[in-house]
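Thanks, everyone. Please bring up the model on your screens. I'll take it region by region.

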Amino acid sequence: MLRLHGRLSQGLKPASFWWPIGTFRLASLAEGRLRTETVPFARQCLLFASRFPAFPTKFLILPTRLLTSACLLCSLVTFCVLCVAQSPADGATTESKPRAELTEADTIKADIIFEHANVYTGVPANEQFSSILREEAIAVRGGRIQAVGKNSDLRKLKGPQTQVVDLGGHFVMPGFNDAHLHLDDAGNKKLSVDLTGVKSLDELRARVAKKVEGSKAGDWILGEGWDETLWPVKVTPTRWDLDEVSDGHPVFLVRIDTHIAVANTRALQLGSITLASRNPQGGQIDRNQNGEPTGILRETAQAAVTGVIPKPSHRLRREGLELALADLAEHGVTSAQDYSPVWENFQIYEELEKEGKLTARISEWLPFDEPVEELSRKRESHPQSDLMLHTGMLKGFMDGSLGSHTAALLEPYADDPKNSGLPRYDAAKLNEMTKERVLAGFQIGFHAIGDKGVQMALDAFAGAEKAAREAKVKAPDGGDDFRLRIEHAQVTTPVQIGLFKALKVIASMQPSHLLTDMRWAQDRLGPRRAATSYAWLAFLNKGVTLAFGTDYPVEPVTPFRGLYAAVTRQSENGKQEYFPQQRLTMDQAIAAYTTGSAFAEFEEKEKGKLVPGMLADFVVLDRDVTAASQEKILSTKVLLTIVGGKTVYDAK
């Protein structure tokens, strides 16, 4: 019998193949040599002839030579086929081993080896999730992780062209995946009047006046980020406050939560908002005792003014997005699930990708309210398989925010008993629209902060999933889990959390919101409802997937504020605490920012962990956040941000 052995090339498993002539062995090609051992057919024939002396052995010579040659040829062909079939493509990994165990056969060399690191892989060491596996080095090839393991093992993957980076023992973890942000708003904020953190109405007016001084006649003065709860007199500004410093310019300033804005008199005139104007569906125009608009526009009422603001040029849009992307890279965010609803923003991302300047992976949400035909056209305009950029879920709004008293509540606000918030949809219309879009194969995420908004979303999801099952419609990834999402989910009841689990709804939350909201959340809700608000641990204990983000620029994009909030539920100065029984462990919080966020966008097989085969997206920090004291978490700095094996940020 003839047998072909193979320890062939990297990634090939030993294999044996039998042929009806002798034995033929191919040894390792790892050192560029071929060793063969043959037991010729002739030897077997001669043995046969010795048992039968009368048999004319000369007749065996020719067939022996022919059959041996044929066998050798077949064996070599088999060897080549195996190499093509089993060898990994450039940049692919061999096996998803938890650590590297390399042999002389591992001949494909790494592009980069990051060594001498404290690698937090994101892989639980046991079922209790009490610890995470750690390694010393990461090898990257073709934009993916080739191997993780000990320094000594991974050095075997070093070739003449391999770059070696010594990380000096620093902490390495999967890149942060921000599950909810708005990059166009962030860019606009950087290009307009930044009102974040202003401590008084006078300071707000001073910043507007400074912008007016440098503006041409008739230019709009735009700004965002003000928060009246930080002021000595916690009253929203009015149009008359702005008129005194605007010098005839139209002024429009959005609150930090984006759910209300203040416009001066000129802006209201341009938006045709008068004494006779009616409140739009899902919105409100605030008025004084005489019925005159005060300039405060809540929710959809803002559209009357935003609709007449001149659109920024393509150049300005791109400049703003590039500034926002740079902010992500500096803070270790390697993936962003973005809602920048103007389609031109997506086209700018495409430009950046073609130029090799897209520094984060973007899943771009589309507006839920757009017609299904238009949504389908946009989805099909760019490959869904593109791991750097593609369209994602549909984003809809059930209500507003707690800070502006527009989140829809099942019971009135504790500090505003005549107000229960502003639902944005008629339930019947919402349910029908949701069903139509799920049947068209879209993932959906609903902004819902109040418990009434949450219930509206859950009811719509239940009906849509039932219709999809009956119609045998699959989820966007071809599976049966539609991964429907509720964004924020700040005020929920225990019964609703059970419905999240039953419907497999993802809780996409932003822990850093609590750092802002804890100053007044209990006033808005009262102690009973507040006790079950921002209920991160309750969701996890029920088996609900948590996906964390920042809502940037509503909150700063740094994920370390979110980690701090999740594990402490304390104010940044440590002086205030908010229902600490809902605290998470650091491992749970990191998982929500990495694996949870990846699952929420159907990409858990591509990112979120540092194991062979995953995308090489990771960050190097100046400290081990799992071992740092709580107060030190907030001051954590990113040293390197790596996306697809390429450095997109270097603190040096």
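Ser335 stands opposite Arg361 in β20. This is a predicted model, so read every number here as computed from it. The strands around that pair are β19, residues 333–338, and β20, residues 361–367. They run parallel, and four bridges join them.

Now widen the view. β19 and β20 belong to an open sheet of eight strands. The order is β12-β19-β20-β21-β22-β23-β24-β25, and the pairing is parallel. Which strands sit at the edges? They are β12, residues 176–181, and β25, each pairing on one side only. From one strand to the next, the twist averages 25°.

Next, the helices on this sheet. Over 145 degrees counts as roughly antiparallel. Helix α13, residues 451–471, lies across β22 (444–448) and β23 (485–488). α13 runs at about 160° to β22.

Glu601 lies in the loop between α20 (595–600) and β26 (618–621). Is Glu601 buried or exposed? It is buried, because its relative accessible area is 9% and the cut-off is under 20%. The Glu601 side chain has a polar contact of 2.8 Å with the side chain of Asn177.

Glu555 is in the loop between β25, residues 546–548, and α18, residues 559–568. Its relative accessibility is 4%, so Glu555 counts as buried. Which side chains does the Glu555 side chain meet in polar contacts? One is His513, at 3.3 Å. Another is Arg561, at 3.1 Å. Setting aside neighbours within four places in sequence, the contacts of Glu555 are Ser512, His513, Thr516, Thr550 and Arg561.

On to another sheet. This one is open, with six strands in the order β13-β14-β15-β16-β18-β17. Its pairing is mixed. The edge strands are β13 (193–194) and β17 (283–287), and each pairs on one side only. Inside the sheet, β14 (residues 221–226) and β15 (residues 251–255) pair in the parallel sense over five bridges. Leu222 has Phe252 of β15 as its bridge partner.

Helix α6, residues 239–246, packs on this sheet. It touches β15, β16 (260–263) and β18 (293–299), and its direction makes about 110° with that of β18.

α6 also packs against helix α5, residues 201–213. The angle is about 40°, and the axes are 9 Å apart. α5 and α6 are therefore oblique to each other. The crossing is right-handed. What meets what in α5 and α6? From α5 come Leu201, Leu204, Arg205, Val208, Ala209 and Val212. From α6 come Asp241, Leu242, Glu244, Val245 and Ser246.

Last stop, a hairpin. Strands β27 (residues 638–643) and β28 (residues 646–650) run antiparallel, joined by four bridges. Ile642 has Thr647 in β28 as its bridge partner. Two residues lie between the strands, and Gly644 takes a positive phi near 60° in this hairpin.

Key: Residues are numbered from 1 along each chain as its sequence is written. This is a predicted model: local features need pLDDT of at least 70, side-chain atom pairs count only at pLDDT 80 or more; totals for chains, interfaces and linings use all residues. Side-chain values use heavy atoms; hydrogens and water are left out. Two strands pair if DSSP finds at least two bridges between them. Buried means under 20% relative accessible area, exposed over 50%, partly exposed in between (1.4 Å probe, protein chains only). A polar contact is a pair of N or O atoms within 3.5 Å; within protein, one must be able to donate a hydrogen and the other to accept it, and residues adjacent in sequence count only if both atoms are side-chain atoms. Contact means heavy atoms within 4.5 Å. Axes are lines fitted to C-alpha atoms, for helices over the stretch in contact, and angles run from 0 to 180 degrees between N-to-C directions. Angles under 35 degrees count as roughly parallel, over 145 as roughly antiparallel, 65 to 115 as roughly perpendicular and the rest as oblique. A crossing is left-handed if the near helix is turned anticlockwise from the far one by less than a right angle, and right-handed if clockwise.
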